[in-house]
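Take a walk through this fold, from a loop to a central helix and on to the charged pairs. Keep the structure open as you read.

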Amino acid sequence: MTDRGKVVTRALLAIGWLGLAFRFFVMTQSNGSNDFFIWQLHAQILRDHGFLWAYTHTGDGTSYQLYNHPPLAGLYAMLCSRLAGSDTHLFAVLFKVPCLLAEILTAFVLKNIWTQRKNERFGAIAFAAYAFALGPIAVAAYHCNTDVVSASLALLACERSAKNRHGSAGLALAAALSVKLIPIFLAPLLFFRAPSWKAKMRFAAGAAMVLVPFLPLVTHIDVVVRSTFGYAPRLEHWGLPYLLEMLATDIPRFQGAFTHARMIAIAHGRDCILLASAVVGCAAGLNRRASPYAGPSLALLAFLVFTRAFGERVLTIVIDQEQNC
């Protein structure tokens with residue numbers, strides 16, 4: 001690389017750091033959306049009653065916020081609550097700290113990916129472009145939830161798999177699942193991408209570390225599964241069900257067909273997401289040269305399309321959905 005090229009690359013990296021610093025500014029200026037209040041309530045409930053009580057009462061119709069996250073997220077919320085005391089703004093800022101760290105991790109992972117694919121200049125461009133992406137800024141610096149932490153670790157799992165570091169890919173996926181359970185859709189692809197059974201077992205051993213935070217609740221694992229995997233929120237304006245609802249309203253001639261299709265999408269949307277995840281995983285097993293990033297993107301896209309509400313966390317395994325509505 002020429003001296004001029006090095007200067008341009010360093011300038012792009014400096015611009016990227018400005019974007020990441022802007023996240024810090026945003027996170028200190030606002031509590032965020034109402035999610036910060038929800039997480040405060042989570043922390044209070046867990047502190048007053050404990051995890052088992054919170055998981056047991058999820059979905060029983062009471063007025064408090066439902067807790068259906070892995071224990072690690074709740075433990076961090078409790079820590080923030082203890083440190084912040086009655087200062088709600090300090091709680092929000094502390095709760096966003098992992099989000100800022102996750103954004104730095106994501107920016108560097110993207111930089112490394114594009115550096116290897118192209119060159120250092122492309123890596124620096126990716127770093128700067130992500131640093132100023134408005135969506136991640138809003139979610140990580142303002143919103144006050146755990147989404148970007150889980151997403152960052154899921155990306156790291158894909159990057160580790162691309163480098164044939166399947167054990168560390170499993171560990172990264174376990175870390176992502178310890179924050180939010182949605183990245184479970186990546187597990188089939190990352191498992192089947194491993195070229196040998198030995199590599200597959202390394203991945204599985206790493207991913208199994210997600211069970212560690214649940215060990216204190218192992219004797220009540222059925223309750224935890226029902227509260228996390230079985231969470232079924234009310235219908236909202238989201239995804240395919242909402243699109244079909246709008247079509248049924250705007251095109252009266254086919255109202256019956258669209259309404260019927262909407263009911264099918266509501267009833268079997270979760271099955272479609274599971275199917276997409278399984279198909280992507282099998283495709284990865286048949287062609288391990290396929291991109292470890294495109295497949296996960298398709299699996300997560302299926303989640304966005306077929307989920308019936310933006311609050312829906314993960315798919316149910318065999319659980320009576322009517323008991324969880």
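In which loop is the place of Asn-287? Asn-287 sits in the loop between H14 and helix H15 (294–306). Bear in mind that this is a predicted model. Asn-287 counts as partly exposed, at 36% relative accessibility. Pair it with Gly-16 for a sense of scale. Asn-287 and Gly-16 are 271 residues apart in sequence, and their C-alpha atoms are 35 Å apart in space.

Now turn to helix H9, residues 166–179. Start with its length. At 1.5 Å a residue, the 14 residues of H9 should span 20 Å. The end C-alpha atoms are 20 Å apart, so expectation and model agree. Next comes its setting. Ten of the 14 residues of H9 are buried, so the helix is largely enclosed by the rest of the structure. Among the buried residues are His-166, Gly-170, Leu-173, Ala-176 and Val-179. What covers them? The cover of the buried residues of H9 includes helix H4 (71–84), helix H8 (147–162), helix H10 (187–193) and helix H11 (197–207).

The largest nonpolar core has 34 residues. Those with the most contacts inside this core are Val-149, Leu-155, Leu-173, Leu-186, Leu-190 and Phe-203. The elements that give two or more residues to the core are helix H5 (88–117), helix H6 (120–131), H8, H9, H10 and helix H14 (255–286). Look at Phe-203 in detail. Leaving aside neighbours within four places in sequence, Phe-203 is in contact with His-166, Gly-167, Ala-169, Gly-170, Leu-173, Ala-187, Leu-190 and Phe-191. There is also a second, separate core of 20 residues, which includes Ala-54, Ala-77, Phe-91 and Phe-95.

Ser-150 is found in helix H8. Ser-150 is buried, with a relative accessible area of 3%. Not counting residues up to four places away in sequence, Ser-150 touches Ala-176, Val-179, Lys-180 and Pro-183.

Side chains of opposite charge can pair when their charged atoms come close. Five salt bridges turn up in a search of the whole structure. Asp-147 and Lys-180 form one, at 2.8 Å from N to O. Asp-147 lies in helix H8 and Lys-180 in the loop between H9 and H10, so this pair ties together parts that are 33 residues apart in sequence. Asp-147 is partly exposed, with a relative accessible area of 31%, whereas Lys-180 counts as buried at 7%.

Glu-159 and Arg-160 make another bridge, at 2.9 Å from N to O. Glu-159 is buried at 6% relative accessible area, and Arg-160 is buried at 18%. A further bridge joins Glu-245 and Arg-262, at 3.8 Å from N to O. Glu-245 lies in helix H13 (residues 239–250) and Arg-262 in helix H14, so the pair ties together parts that are 17 residues apart in sequence. Glu-245 counts as partly exposed at 31% relative accessibility, and Arg-262 as buried at 18%. Salt bridges that share partners also join Glu-159, Arg-160 and Lys-163 into one network.

Leu-171, Met-209, Val-212 and Leu-215 make a nonpolar surface patch of about 370 Å². Val-212 has its place in the loop between H11 and helix H12 (221–228). Val-212 is partly exposed, with a relative accessible area of 44%.

Note on methods. Residues are numbered from 1 along each chain as its sequence is written. This is a predicted model: local features need pLDDT of at least 70, side-chain atom pairs count only at pLDDT 80 or more; totals for chains, interfaces and linings use all residues. Side-chain values use heavy atoms; hydrogens and water are left out. Helices (H or I, at least four residues) and strands (E, at least two) are DSSP runs, numbered from the N terminus. The expected span of a helix is 1.5 Å times one less than its number of residues. Buried means under 20% relative accessible area, exposed over 50%, partly exposed in between (1.4 Å probe, protein chains only). Contact means heavy atoms within 4.5 Å. A nonpolar core is a set of buried Ala, Val, Leu, Ile, Met, Phe, Trp, Tyr and Cys residues joined through side-chain atoms within 4.5 Å. Patches are made of residues with over 30% relative accessible area and no salt bridge: like charges are joined within 9 Å, nonpolar side chains (Val, Leu, Ile, Met, Phe, Trp, Tyr) within 5 Å. Accessible areas come from the Shrake-Rupley method with a 1.4 Å probe; for residues, only the protein chains shown count as cover. A salt bridge is a side-chain nitrogen of Lys or Arg within 4 Å of a carboxyl oxygen of Asp or Glu.
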